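Subject: Structure for your review

Dear colleague,

Please find below the structure that I am handing over to you. A summary of the findings follows it.

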Amino acid sequence: MKNRLLYLLCFVSFSVSSQIYSFKTFSEDDGLSQSFINDINQDRRGFLFIATGNGLTCYGGTQFKIFTADDGLANNFITSIYCDHENKVWLGHLEGGVSVLHPDGKKESVKFKEEIGSKIIQIIEIATNKYIFLKNNTGIILYDEGTKSYVNIESESFNEALSLLVNKDELFILKSDGIYTIKIKNLLSKNYTLKRKAELKDAALMKLSLSGENIIVADNYSGLLVFNADDKLTPLDTFKISKNDGSNYTKLIADRFSNIYLATTDNGLYKINIKSGISFNYTTKNGLNSNAVQSVFVDREDNLWIGTYGNGLQQL
């Protein structure tokens with residue numbers, strides 16, 4: 001495995017370090033439901049969805065529209081967004097609720113028999129009409145959209161899961177100490193035995209590259225780790241990242257140009273190209289209005305959207 005230290009461009013080139021980026025900023029005055037942005041996603045029609053602590057904001061390029069519990073959402077505090085293959089928009093909520101926005105405009109909340117309580121930190125689709133709702137430190141919920149039925153799994157196998165992804169016929173589960181896998185067919189048949197594929201020090205986030213060739217992990221101890229998405233999860237590269245003590249990773253995404261974007265609570269946004277090794281750090285010194293970045297997203301036209309913690313939404 002190669003091991004690289006990230007030399008931020010601001011230290012490599014004076015011309016780059018002196019560049020101030022012209023971010024376009026959106027606030028509540030522009031139509032956002034709140035300036036605390038928890039997640040960002042885009043549906044197939046091109047609408048941008050912005051999760052906040054006070055409702056969902058939809059942006060079509062010219063104006064904002066806000067959806068709240070009054071419109072049929074489970075509650076106003078939205079923590080995660082997922083757009084599925086049928087263009088349904090799924091919303092995870094702070095207190096365990098899940099909402100669905102259908103392409104025809106219908107809005108509904110998933111009905112649970114018991115109180116879930118835990119924050120929904122991720123939603124993914126594992127098969128047609130079958131979804132996983134990842135709860136914060138309390139396991140997962142398997143949901144069948146076709147039958148409106150669910151299984152609330154509070155197994156030790158999933159209680160410490162931080163992030164999930166689907167690759168081929170397997171579900172990958174990130175925990176702080178490693179990457180684990182389970183065959184989706186085994187999961188659906190209630191066999192919850194996991195296989196450990198990679199050992200990690202203090203993992204936080206995981207993402208599959210858009211090509212499907214690599215699995216990217218942000219680890220608080222080791223930095224940004226790149227694995228081949230093969231059967232052995234072969235390690236390919238490590239990028240050391242220097243961040244402040246106490247600064248946490250909040251969001252990890254990949255774009256079609258092999259760039260990885262890594263958001264932090266105190267150090268702004270890192271951009272790392274895993275092919276060239278070139279990296280950059282967006283901060284208040286070069287255009288961001290806050291170093292507390294909660295979410296990041298690259299849309300279909302390659303625009304970069306940055307959601308801050310209290311300072312609204314920025315676009316580059």
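Which residues does Ile132 touch, not counting residues up to four places away in sequence? In this predicted model, Ile132 is in contact with Gln122, Ile123, Ile124, Ile126, Ile140, Ile141, Leu142, Leu164, Leu171 and Leu187.

Ile132 also belongs to the largest nonpolar core, which has 18 residues. Together with Leu164, Leu171, Ile173 and Leu187, Ile132 is listed among the residues with the most contacts inside that core. Two or more residues each are supplied to this core by strand 11 (120–127), strand 12 (130–135), strand 13 (140–144), strand 16 (170–175), strand 17 (178–183) and helix 3 (184–188). A second, separate core has 16 residues, including Leu205, Val226, Ala254 and Ile272.

Ala203 lies in strand 19 (residues 203–208) and is buried, its relative accessible area being 3%. Leaving aside residues up to four places away in sequence, Ala203 touches Leu162, Leu174, Lys175, Ser176, Val217, Ala218 and Asp219. Between Ala203 and Gln314 there are 111 residues in sequence and 27 Å in space, C-alpha to C-alpha.

As to the cysteines, a search of the whole structure finds 0 disulfides. The cysteine sulfur closest to that of Cys58 belongs to Cys83 and is 9.8 Å away, so the two are too far apart for a bond. Cys58 is buried, with a relative accessible area of 11%; Cys83 is buried as well, at 17%.

Yours sincerely

Terms used: Residues numbered from 1 in each chain as written. Predicted model: local features only at pLDDT ≥ 70, side-chain atom pairs only at ≥ 80, totals over all residues. Heavy atoms only, no water. Core = buried A, V, L, I, M, F, W, Y, C linked by side-chain atoms within 4.5 Å. Buried < 20%, exposed > 50% of the residue type's maximum accessible area, 1.4 Å probe, protein only. Helix = DSSP H or I, 4+ residues; strand = E, 2+ residues; numbered from the N terminus. Contact = heavy atoms within 4.5 Å. Disulfide = S-S within 2.5 Å.
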